[in-house]
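Subject: Structure for you to look over

Dear colleague,

I am handing over the structure below, and I would be glad if you could read it alongside the notes that come after it.

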Amino acid sequence: MTLVHHPVDFEPSLVYDRTYASRRRWLVLGTTTVLNLLVVLLYVLPANLIVPNLTYAGRPALLLGLGMFCWWVLSRLDYRLVMTGPQPLRWVVLLYLLSVLFSYLAGMLRGLPSIEANAQNFFLLVTIEFLGVVLMTADGIPNWARLNNVLRIFVWCAGFMALIGLIQSTFAFNPAQYLVLPGLQWKSDLLDFAARGTGGLFRVPGTAAHYIEFSTVLAMAVPFAIHYVRFSATRNQRAAYAVLAVMIAAAVPVAISRTGVVALLAAIGVMFVTVWPWRTRYNMALVGGAVLGALFIVKPGLIGTLRAMFLAGEQDSSISARTEDYAVVAEFFAQRPWLGRGPGTLIPTIYLYLDNQWLLTLVTGGIIGVAALAGLHIACIRLSVLAMRRSTRPDDKHLCAALLSSQIVAILVGATFDSMSFTTYAFTLAMMCGLCGAVWRFTHPARVVRTSAVGGRRG
């Protein structure tokens, strides 16, 4: 028997003998609902709130990621539940997981003190949670409408985090201390505001674990906010997203982070080059100039401080500290070049604080670990570019370009801080990777019904 599958989003679709399904059906608990909840927990709750007696892997959002991994694995046990059709991201995820497992075994074989063994176990658990989000996002979102629903929630939550950061910067007051759900506990104290520059300037973290993480995730959100400014259905919606876009972009520099500024420029640069017409480029330049002017007036000295940070060169202690790490990295790498010393085993309090994700992966995961991480980014870039080329509607092309920008940002910021050590950033990246796989699936010329609830077979 050969099953006939209807074109995209037509309903009903035959998925099994005498079994039909609709891509437009709303489930009480579907992938989109869980992803929306994950984003809310990730951005609205402070990063150091956890389920009692657990580690940082016990953040509510991360526990949802673990549940999504189990959900994806269980769906493979019945061919009627399997997400049918090709998905290159599954193979990329498998290779990434294998690289982590081989490095984990290499670490165990060399003999680890308990603190390093615990760090390896923590890293492996967070990796499984991370990959759960990637897989369920790639395979579980059924159509463009649900994908846009997830991204709208993401933009609103990023806007909330930006608002918290702007309040912190304006009033030197931290409202994040009141964002506590009953039953959760603080794993550590909230990050203090850190003085930087002159004129009483200080850095703010929003609800993130660090100032750099705060600015980076907001920079990744800016292209999506602009997307809904351009393509929302009503004037009121476009106005609301315009406010969110300006607020998110304005919150990036108040973290006073070079990484955040680089991430924002990279994200906007990708959109500028790939999909924006000249009118949009002109409008974005005007809006950007207005935001900079407002910051110059409201936060005197902020623009000058950021400019001085980029021009300081080797005189900046944070840059010189990074370059001084190269000799230590070379020594670690020479000892175990292929699989590294084990994931998570470079304990900062014992060895050194390595503020570079690519070098950290090289030391702990070796050449294979770096290749696996790079392969994840490259695969997602390839999938988003293919989806952008296949898309026929301007809004779909624009959305694919925004996903492409998230991967470019991830590659760049990996060279400026240990990005994957911060879970708000890491799980935002996991969702973006999964969305790259989803849009590739949506635009595939031989696409069939593929959801996390039902699947089909050919026989």
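Predicted model: local features only at pLDDT ≥ 70, side-chain atom pairs only at ≥ 80, totals over all residues.

The mean pLDDT of the chain is 89, and 88% of its residues reach 70 or more.

The chain has 459 residues, of which 55% are buried, and its secondary structure comes to 14 helices and six strands. Among the contacts between residues at least 6 apart in sequence, 75% join residues that are at least 24 apart.

The axes of helix α6 (residues 211–231) and helix α14 (residues 423–442) come within 9 Å and cross at roughly 25 degrees, and, because an angle under 35 degrees counts as roughly parallel, α6 is roughly parallel to α14. The crossing of α6 with α14 is left-handed. On the α6 side the contact is made by Glu 213, Thr 216, Val 217, Met 220 and Phe 224, and on the α14 side by Thr 423, Thr 424, Tyr 425, Thr 428 and Met 432. By class, the residues of this contact of α6 with α14 are five nonpolar, four polar and one charged.

Helix α5 (residues 144–171) also meets α14, and here the two axes come within 11 Å and cross at roughly 155 degrees. Since an angle over 145 degrees counts as roughly antiparallel, α5 and α14 are roughly antiparallel to each other, and α5 passes α14 in a left-handed crossing. From α5, the residues Trp 144, Leu 147, Val 150, Leu 151, Phe 154 and Met 161 meet Thr 424, Thr 428, Met 431, Met 432, Leu 435, Ala 438, Val 439 and Phe 442 of α14. The contact of α5 with α14 has 12 nonpolar residues and two polar ones, with no charged residues.

The remaining pair is α5 and α6, whose axes come within 9 Å and cross at roughly 130 degrees; these two helices are therefore oblique to each other, and α5 passes α6 in a left-handed crossing. The α5 residues in this contact are Asn 148, Leu 151, Arg 152, Phe 154, Val 155, Ala 158, Met 161, Ala 162 and Gly 165, and those of α6 are Phe 214, Val 217, Leu 218, Ala 221, Phe 224, Ala 225, His 227 and Tyr 228. They divide into 13 nonpolar, three polar and one charged.

Single residues

Ile 256 is placed in the loop between α7 (235–254) and α8 (258–274), and at 1% relative accessibility Ile 256 counts as buried.

Phe 173 is found in the loop between α5 and β4 (185–186), where, at 37% relative accessibility, Phe 173 counts as partly exposed. Leaving aside neighbours within four places in sequence, Phe 173 is in contact with Ile 167, Gln 168, Tyr 178 and Phe 193. The C-alpha atoms of Phe 173 and Phe 193, which are 20 residues apart along the chain, are separated by 9.2 Å.

Lastly, Glu 129 lies in helix α4 (residues 114–140), and at 0% relative accessibility Glu 129 counts as buried. Beyond its neighbours within four places in sequence, Glu 129 is in contact with Ala 57, Leu 62, Leu 63, Gly 65, Leu 66 and Phe 427. The C-alpha atoms of Glu 129 and Phe 69 are separated by 6.5 Å, although these residues are 60 apart along the chain.

Definitions and conventions. Residues numbered from 1 in each chain as written. Heavy atoms only, no water. Axes fitted to C-alpha atoms, helices over the stretch in contact; angles between N-to-C directions. Helix = DSSP H or I, 4+ residues; strand = E, 2+ residues; numbered from the N terminus. Parallel < 35°, antiparallel > 145°, perpendicular 65-115°, else oblique. Left-handed = near helix turned anticlockwise from the far one by under 90°. Contact = heavy atoms within 4.5 Å. Nonpolar A, V, L, I, M, F, W, Y, C, P; charged D, E, K, R; others polar. pLDDT = per-residue confidence, 0-100. Buried < 20%, exposed > 50% of the residue type's maximum accessible area, 1.4 Å probe, protein only.
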